[in-house]
Amino acid sequence: MPRPGHGAGHPSHDGQIDGPGPLRAAFSGLTTRGRSFLAAGAAAVGCAYLLGQPDLLRVGALLMVLPVVSVLVLHRTRTRVTAARRLSPQRMPAGEQGRVHLLLSNDARLPSGVLMLQDHVPYVLGPKPRFVLDRIEPGGRREVTYRIRSDLRGRYPLGPLQLRLADPFGMVELTRSYGTHDTLTVLPGIEPLPPVRFGGLARGDGVGMRGSLASAGEDDLIPREYRHGDDLRRVHWRSTAHRGSLMVRREEQPRRARCTVLLDTRRAGYVMGGVAAPFERAVSAAASAISHLTRQGFEVRLLTDDGTQLPGPGTEVADPYELTGRLMDFLAVVDHSASLGFEPALAAQRAGSGELLLGFLGSVDPAQAGVLGRMAARAGGAAAFVVAGQLDPRIEGDRLTTLRNNGWTALAHHPGVPLGALWQQAAVEVSARGGGRS
C-alpha cells in the first residue's frame with residue numbers, strides 16, 4: 001500500500017513549480033488559436049512589407065502582439081498563484097467519508113485568468129476531482145472542497161495539485177504542478193463492543209498495586225516536588241529536609257490490567273483476498289479490541305506472529321490514547337508476513353504476567369495450535385477469534401477443537417457475524433475457565 005507521508009491535518013502550502021520555469025517554456029502553452037494568430041500576424045507583416053501597405057502592417061503587428069502579451073501576463077500570474085491543501089480528517093476509519101479543502105491565493109498585482117484545477121488522488125479514494133474557477137482578483141482567495149472515501153485501509157498520497165490557467169482570449173493555457181503531497185491514513189474499520197469483563201481482570205482496579213504500596217514503608221515511596229493544590233498532609237518531611245524544597249508523597253497509582261492482542265499475519269493462514277477477506281476481518285477485529293480495551297482502562301500491547309510488538313521492549317507510552325493511535329497507524333498498513341508459525345511470537349511474549357491474551361487468527365493447523373497452547377499457558381486467560389469460511393466446515397471445527405484443547409477459548413468468526421456477540425461469549429467462557437487472574 002502507498003506509504004509516503006506529509007502533515008497532520010494542517011494546510012500544506014505548495015510553493016514550488018515542477019518543470020521548466022524560463023519564459024520561453026511558457027510559449028509552449030500557446031493554444032491553436034494563439035499559434036494561428038501568430039502565423040496570421042507574421043503573414044500580414046510579410047505581405048505589408050512586400051506590398052507597402054502600412055495599415056496591413058498594423059493589423060499584422062496587433063495579431064502577433066496579442067498572444068505574446070497573453071503569454072507574458074499568464075506566465076507572471078502562474079508564478080504568483082499559491083495553493084494549500086487541508087485534509088479533514090487526516091486519519092479516518094475505512095468506509096467513512098472525509099473532505100479535502102483546496103485554498104488558492106492570487107499574490108499578483110493583476111487578476112488571474114480562468115483557473116482549472118485537478119488534484120491527483122488514488123483510484124480507491126474516488127475519481128480525480130476537477131474544478132473550474134473564474135478569475136481571482138489581486139490578493140483574493142478561493143476555496144473548493146471535494147469528498148474522499150475508501151473501503152480499503154492504508155496510507156494514500158494526495159497530490160500533486162495541477163493548476164491550468166487560461167487567458168480570456170483563449171490564446172494560452174499554462175500548467176503549474178505543485179510538488180508537495182499530503183497523506184491520508186485510512187484506519188481499519190472499528191466495531192463497537194459490549195463493556196463486559198474477562199474473568200477477574202477489572203477495569204484498572206489496581207488492587208495489586210495498592211497492595212504493594214500499602215506493604216511498602218514510607219521511606220520506600222518515591223516523593224515528588226510539591227505542586228500547587230497538593231494536600232499538605234502528604235508532605236514527606238524527611239525528603240523535604242534532604243532536598244531543601246517541599247516534597248510530597250506520590251499518589252497511589254492503580255495498576256492497569258494488561259492485555260496482549262495477538263494478530264496472525266501469516267499468509268498461509270488466509271486463502272482469500274479482497275475488502276471482505278478473512279485477513280481484513282482479522283485486522284478490523286484486532287483494531288476494535290484495542291480501541292475498546294483502551295477505553296476500558298487496559299494496558300494494551302500488540303503482538304504479531306513474526307514477533308513484531310508495539311510498543312517495543314522497554315518502551316513505555318504514558319498516554320494510552322497516544323499508544324492507541326500508534327497501534328491504529330500500524331494496523332492501517334500491516335500486511336502478510338513471511339512467517340510460517342508463531343514461534344517468534346512465543347519468544348516475544350511476556351512470561352509470568354498473568355495478562356489477558358486475545359488472538360485474532362487465521363486458519364491454524366495442529367502443529368501451530370501446540371505453539372499457541374504454550375502461549376495460552378503463560379497468560380491469565382486466552383481467547384481466540386478465528387476467521388471462518390475459508391476451509392471445509394468440518395476441518396474448521398476440528399481446528400477450533402484443537403485450539404480449545406490447548407487452553408484457548410476459541411470462537412469462529414464467520415462473515416456477517418457481529419464481533420460484539422462473540423466478544424460477550426468469549427468473556428463468559430474465559431471467566432468459566434478461570435482466566436483473567438491478575
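The protein has 11 helices and 19 strands, where helices (H or I, at least four residues) and strands (E, at least two) are DSSP runs numbered from the N terminus. The model is predicted: local features need pLDDT of at least 70, side-chain atom pairs count only at pLDDT 80 or more, and totals for chains, interfaces and linings use all residues. Residues are numbered from 1 along each chain as its sequence is written, and side-chain values use heavy atoms, with hydrogens and water left out.

**Exercise 1.** State the strand order of the open sheet of 6 strands and find its edge strands.

Solution.
- The order is 16-15-14-17-18-19, with mixed pairing; two strands pair if DSSP finds at least two bridges between them.
- Strand 16 (309–310) and strand 19 (409–413) each pair on one side only, so they are the edge strands under the pairing rule.

**Exercise 2.** Describe how strand 15 pairs with strand 16.

Solution.
- Strand 15 (residues 299–304) pairs with strand 16 in the antiparallel sense, over 2 bridges.
- L302 stands opposite L310 of strand 16.

**Exercise 3.** Determine which strands helix 7 lies across, and its angle to strand 15.

Solution.
- Helix 7 (residues 320–333) lies across strand 14 (258–263), strand 15 and strand 16.
- Helix 7 runs at about 20 degrees to strand 15. Axes are lines fitted to C-alpha atoms, for helices over the stretch in contact (heavy atoms within 4.5 Å); angles run from 0 to 180 degrees between N-to-C directions.

**Exercise 4.** Classify V69 as buried, partly exposed or exposed.

Solution.
- V69 is located in helix 3 (residues 54–80).
- Its relative accessible area is 40%.
- Buried means under 20%, exposed over 50%, and partly exposed in between (1.4 Å probe, protein chains only); therefore V69 is partly exposed.
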